[in-house]
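Subject: A structure for you to explore

Hi there,

Here is the structure I promised to pass on to you. Have a look at it first, and then read my notes below.

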Amino acid sequence: MRGAIVGLTLIIGLIGSGILATSGPQPASPADAVGAAGVPSSVPDVLVSRQLLESQDLRIGDVVDLSPDPTAIGARSFQIVGVYEPVPDPTRFSAQRLEARLHLPDMLDLIADPDDPQATEAVDAINVALRNPAEETTFSRAIVRRVPGVSVRSTTRTDRGNPFIVLEQFHLAIAIVTILASTAFLLALMVMQSDERREMAGTLRLIGLKKSRVLTQVLIEGLIIATSGAAFGIVLALVSEEGFNRFFQWRYDTALVFVRISPTVAWQCVAMSVPLGIVASVVASWTLLRREVLALIRR
Amino acid sequence: MSSFVFAWYSLCRQPARAVLAIAGVAVIGALLFDMLLLSQGMLISFRGLLGEVGFDARVMATSSMPMTGARVGDAAATAAAIEALEEIEVVIPMRIDQAEVVLSERRPMDFTLVGSISGHGAWTVIDGADINQRKADGDASTIVVNRNLASALNLSPGQTVTVRSECLGRRSILPTVEFEVVGIATFPFDSESQLTAAATIADFDRACGGEQDQADLFLVASRSRVTAEAAVEAIQQLRPDLYVFSNDQLVDRFERVGFSYFRQISTVLATVTLTFAFLLISVLLSVSVNQRFAEIAALRAIGFGRRRVAADLVWESGLMVSIGGVLALPLGLALAIWLDRILKSMPGIPADLHFFVVQPQAVLLHIALLATAGALAAGYPVYLASRLPIASTLRNEVVG
Amino acid sequence: MSTPVVEASGLTKTFPMPAGPVTALRQVSLRVDPGEYVAVSGPSGCGKSTLLHLLGSVDTPTSGTLRFEGEEISALTDARRSQIRLTRIGFVFQRFYLLPMLTAWENVELPQGEAGIGKAERRERTAELLDYVGLAHRAQHRPSQLSGGEMQRVAVARALANRPRLLLADEPTGELDEKTGEQIAELLDRVHADGNAIVVVTHDATIARRAGCQLRMHDGIIMPEGSG
């Protein structure tokens, strides 16, 4: 058993999501809490994040002193009964998750201003799960009407300013630019390939094949190339997905998934790349086929 | 005919291919350029913003950002003690909290209320006058508001607003306080949509129900002959319990915590775009060489050495990359404006902070990286061309 | 006796093929003296072009020796052989191989620039050569704007650009009609008359007849005189 004055000003629920103060002994998130449960003691329990445990070299069973004051005024002892993995938060992934979870009454006892009679009656936030999530808007309006000064925020609706949405837009913009560059190169390659086949195309036209017939052949070739290319691209993305996630998860010590190739994303990529490949092939060949037949075969 | 001129002619013989390849290089080069700007842009912008405010150190109760709960107590005495140090020119205490403007027929409007001393650069008045100390109990408390708050509530100097402060840590709903709007100001760290107002510390405390003698942070300016680091050290020696950061230390912390994702993503994307450019130019040139095997064999047959053929190809690659690379710069700037606008819509980003900042080093690095990619991309095509068996190629061409 | 322009002794060339090695040349010996006009003919696949490529140091023999103006060249480095081809040998190909993006003038000027000849001299020589082949008025035209015969004449001018000791022509009339072929044959006559040594590989009897020495090849060997 080790006691240590941890002169931390734990950010107890004051940065972003902060601590989800629980009213019961179970963890308030899907994160696993591992520890020596049910240790009878007059010292109240505390759960600490894995990062905090590692950074302060703590162990389950240790008794630590927590204080909201940097000079350790008002410190109280708590026994570490478990460790949990914080739920990854995309808005705070680079922050070191030095967190602890206390029972709500213990936390209020710790941080309440003794001069404020209302201090033990106030919390930062109340999480609400509706029986019918579709009633979210109605519920929000009702709360705001009944409880002045309260702000109600949806956790499912994402507004334009949500960091996650912003990053998604950023990555989409990058993707658009990449597609534009790829299209230019693809067209260049197709133009060169068409030129290489100039004589063949001219010969086919000379022996009587119509333009549409030659273009159909080009179309089929383009389809095969585009489909193969798209499939290869998906495989490459899946392989690199693992690499990216591992790197960033190691780098930021988080369980957050940074890259995920969902079926929707894969189908979107195929839906964009296959028509692009076919169109590039057809356009490049059309510029060739619209020339006179003799011009095609003349050196 | 020099290799450069020969390469130019080779490029021009297939204008469609050349234009498309150069366009591709320009677009991918623009993305590369932007990633190079992003890798340092936000830090440079943040450092510039800190410098513009005019203070070179900040003092806080904890290592966390202000408004996270812990404040410095005995603020007046602390400020006086720090200002008494010979390294220090001026100390400005700041209180920051959430408040709301109480409106008669609308929901209250939340805003950020700052309590500080006027005339030291924490904000800049653009219309009207700055806040002033109340001389008597009956005098109105004064407030300056930012443009967003002024336009949201149709405020102008001379009007009155009713404010209720939340005063973090004080859970009771506090009584409202009337403020007279004396001016409209800009706050350097305001985000695009932020609503901010500033009052004197005394008026701030009044809104919080009485004198607090606390500060969320102190802005410190060192004397001109003293470095920021010396000032930081002096303050730290005076008050080892406080956390003191120079601007450089703040930037460094910002880089490690807030900015590291953008640094990582810019490195990853820069690497990907360079690889992309290398692969595509290499493929284009290789296909081009494949199409010109007979021609290359003929050149070799009439006496062109391997080095000459290689030089022609390297120049051809170089021309594509250099023309595309030059076009990439204005394209990159336009793209940077667009991407900057997207990223700045994140909450809490100061309006004057930019993610993409043009620096000469980024331009030079862009040129160097593209040139290297272009030179390396010519590697395989050069190998193909220089290893070409002349006789069998000529023979195959006749048979084919 | 003057030093021969090119002298081949016991040249053999074997090509490794998936189905087994193919010997295109077997112990071929040949000597071309300065100013000599040699025509090599024979059925397809007899090794004529292979012989020409070896004589022009475009390819290296599997065995045997090859001397160019007394210098053993079969074992030289690629760079040295390129230099010899550039300054002492001229090549004319069946398919012309003019650079399509250059004008007739630029095609003729190209090897001179590569050989380091100064601008003024290049200009003079190029004008002289285009006039020599009768195409001074087409100097600024690209190959796509020239007929087959005109392209071949430009190719001959290019081959003569650096005043070679030996002109090698591989089926120079192969892609031309009879009348145009006749024009090329006459041009080669002029080149020969001006003192150049020529070795031409050809099916064309028109050209073969004009050569002072006619060699017949069959199955990789030069047939003795009087045979077939």
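What percentage of the 228 residues in chain C is buried? Buried residues make up 49% of chain C; a residue is called buried if 20 or more other C-beta atoms lie within 10 Å of its own, exposed if 12 or fewer, and partly exposed in between, with C-beta atoms placed from the backbone.

Before we go on, please keep in mind that this is a predicted model, where local features need pLDDT of at least 70, side-chain atom pairs count only at pLDDT 80 or more, and totals for chains, interfaces and linings use all residues. Residues are numbered from 1 along each chain as its sequence is written, while chains are lettered from A and ligands numbered from 1 in the order in which they are written.

Let's stay with chain C. It has 7 helices and 10 strands; these are DSSP runs numbered from the N terminus, with helices being H or I of at least four residues and strands being E of at least two. Its radius of gyration, taken over C-alpha atoms, is 17 Å, which agrees with the value near 17 Å for a compact globule of 228 residues (the rule is 2.2 Å times the number of residues to the power 0.38). Along the principal axes, the C-alpha atoms of chain C fill a box of roughly 50 × 45 × 40 Å.

R85(C) counts as buried because it has 27 C-beta neighbours inside 10 Å. Leaving out residues up to four places away in sequence, R85(C) touches A301(B), I302(B), G303(B), G56(C) and S57(C); contact needs C-beta atoms, placed from the backbone, within 7 Å. S57(C) is 28 residues from R85(C) along the chain, yet their C-alpha atoms are separated by 7.2 Å.

Next, the place where chains B and C meet. The contact takes 22 residues from chain B and 26 residues from chain C. On the side of chain B, the largest share, 6 residues, comes from α13(B).

Finally, look at the strands of chain B, which pair if DSSP finds at least two bridges between them. Strands β3 (residues 88-101) and β4 (residues 109-116) of chain B run antiparallel, joined by 7 bridges, and V101(B) stands opposite M109(B). β4(B) also runs parallel to strand β9 (residues 196-200) of chain B, with 5 bridges; there S116(B) stands opposite T200(B).

Enjoy exploring!

How values were computed. Two residues are in contact if their C-beta atoms, placed from the backbone, lie within 7 Å.
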